Amino acid sequence: MTDAQRRAIEELWPRFGVEEGSRIDAVSLFGRSLPLAVEVGFGNGDALLQLAAAYPERGFLGIDVYPPGVGRLLAGLAARGLDNVRVLRGDAVAVFEERIPESSLDAVYVWFPDPWPKKRHQKRRLVQPALVALWARALRPGGTLHLATDWEDYALGMLEVTGAEPRLVSPAGPGRFAEGPGDRPVTRFERRGRRLGHGVWDLVLVRRGDQGSPASGAA
Ligand SMILES: C[S@@+](CC[C@H](N)C(=O)[O-])C[C@H]1O[C@@H](n2cnc3c(N)ncnc32)[C@H](O)[C@@H]1O
């Protein structure tokens, strides 16, 4: 961690940081009700900074375990005068298990999660049935889960796992990737993957309405 990142955490955590504790929703984070999106594994935070500037009427929560990235994001928020992002340093699995209420989110973003390319490490991959079920539960009907990766076998695994989650439906058609990234900003790991000659796969799923039909008004 650089000195600037360490200083950013010391000085800015009280303003943007989310402490351990109870239920997380827009009111607990921002003191008012507004559409809320969560980015899981924001890395250096660049995508969140771009989204927060582009959509000032929305709230964003970034979750990551990586301290230098937390420091960098905090410094970026202060430098740009953005107040619609909150930052949680911790394990996203526990946060979704314990703190995010059902049907409360407009979007969940998981962009370029650690690929764990070696076969024997693949069980460490984040996109697994149990966590996809937690994301589906946390989304409101019509809310979106947006996944992206530059590893083809992970992309195919994401299709399989999300296709088996009954609360999610793919607007592109069953078993199909999204046509492109939509309004997803280009991320640091995406740029790195492209430099290495990797392809990029985006997958967008919509949380069905409670009657089992796809809800309209996806975020
Ligand atoms: C490969 S990086 C991608 C970062 C960013 N999304 C990008 O595209 O540049 C994956 C990130 O996920 C974070 N991460 C991994 N497991 C996590 C977990 N269980 N909870 C929160 N963050 C996690 C890592 O710390 C890392 O910053």
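These legends go with a set of close-up views of a predicted model.

**View 1. Two domains in one chain.** Let's start with the overall division: the chain splits into domain 1, which covers 1–20 + 31–100, and domain 2, which covers 111–219. Taken over C-alpha atoms, the centres of domain 1 and domain 2 are separated by 21 Å. Twelve residues from domain 1 and eleven residues from domain 2 make up the contact. On the side of domain 1 that touches domain 2, the elements giving two or more residues are α3 (46–54) and α5 (92–98). Of these, α3 gives the most, with four residues. Sorted by class, this side of domain 1 has six nonpolar, four polar and two charged residues.

**View 2. The largest nonpolar core.** The largest nonpolar core holds 57 residues, and the members that touch the most others are Leu 48, Leu 74, Leu 105, Val 108 and Trp 135. Strand β4 (residues 105–111) gives the most to this core, with six residues. Both domain 1 (1–20 + 31–100) and domain 2 (111–219) contribute residues, so the core lies between them. As background, nonpolar side chains in soluble globular proteins tend to be buried together.

**View 3. Around Leu 105.** Here we zoom in on Leu 105, one of the core residues that touch the most other members. Setting aside neighbours within four places in sequence, Leu 105 is in contact with Leu 36, Ala 37, Val 38 and Ile 100, and also with Ala 138, Leu 139, Arg 140 and Gly 143.

**View 4. Strand β1, covered on both faces.** Have a look at β1 (residues 36–40), where five of five residues are buried. Leu 36, Val 38 and Val 40 sit on one side of β1, Ala 37 and Glu 39 sit on the other, and all are buried. β1 runs parallel to strand β2 (residues 59–64), and five bridges join the two. Within this pairing, Val 38 stands opposite Leu 61 in β2. From β1 the chain passes through α3 to reach β2, a right-handed β-α-β crossover. β1 also runs parallel to β4, here joined by three bridges. Glu 39 has Tyr 109 as its bridge partner in β4.

**View 5. From β2 to β3.** Which strand pairs with β2 in the parallel sense over five bridges? The strand is β3, and Phe 60 stands opposite Val 85 there. Together with helix α4 (residues 67–80), β2 and β3 make a right-handed β-α-β unit. Four of the five residues of β3 (residues 85–89) are buried, so this strand is largely enclosed by the rest of the structure.

**View 6. Two residues with positive phi.** Ser 103 is not a glycine, and yet its phi is positive, at about 55 degrees. Ser 103 is found in the loop between α5 and β4. Is Ser 103 buried or exposed? Ser 103 counts as exposed, because it has 12 C-beta neighbours inside 10 Å and the cut-off for exposed is 12 or fewer. Phe 112, also a residue other than glycine, has a positive phi near 55 degrees. Its place is the loop between β4 and α6 (129–138). Phe 112 has 22 C-beta neighbours inside 10 Å, so it counts as buried, the cut-off for buried being 20 or more.

**View 7. Phe 177 in its loop.** Phe 177 lies in the loop that links β6 (168–169) and α8 (188–195). With 19 C-beta neighbours inside 10 Å, this residue counts as partly exposed. Apart from neighbours within four places in sequence, Phe 177 is in contact with Ala 172, Trp 201, Asp 202 and Leu 203. Glu 57 is 120 residues from Phe 177 along the chain, and their C-alpha atoms are 28 Å apart.

**View 8. Ser 28 in helix α2.** To finish, we turn to helix α2 (residues 26–30), which contains Ser 28. Ser 28 has 13 other C-beta atoms within 10 Å, so it is partly exposed.

Terms used: Residues numbered from 1 in each chain as written. Predicted model: local features only at pLDDT ≥ 70, side-chain atom pairs only at ≥ 80, totals over all residues. Domains from an automatic or database assignment. Contact = placed C-beta atoms within 7 Å. Nonpolar A, V, L, I, M, F, W, Y, C, P; charged D, E, K, R; others polar. Core = buried A, V, L, I, M, F, W, Y, C linked by C-beta atoms within 7 Å. Pairing = 2+ DSSP bridges. Right-handed = clockwise from strand over helix to strand, strands pointing away.
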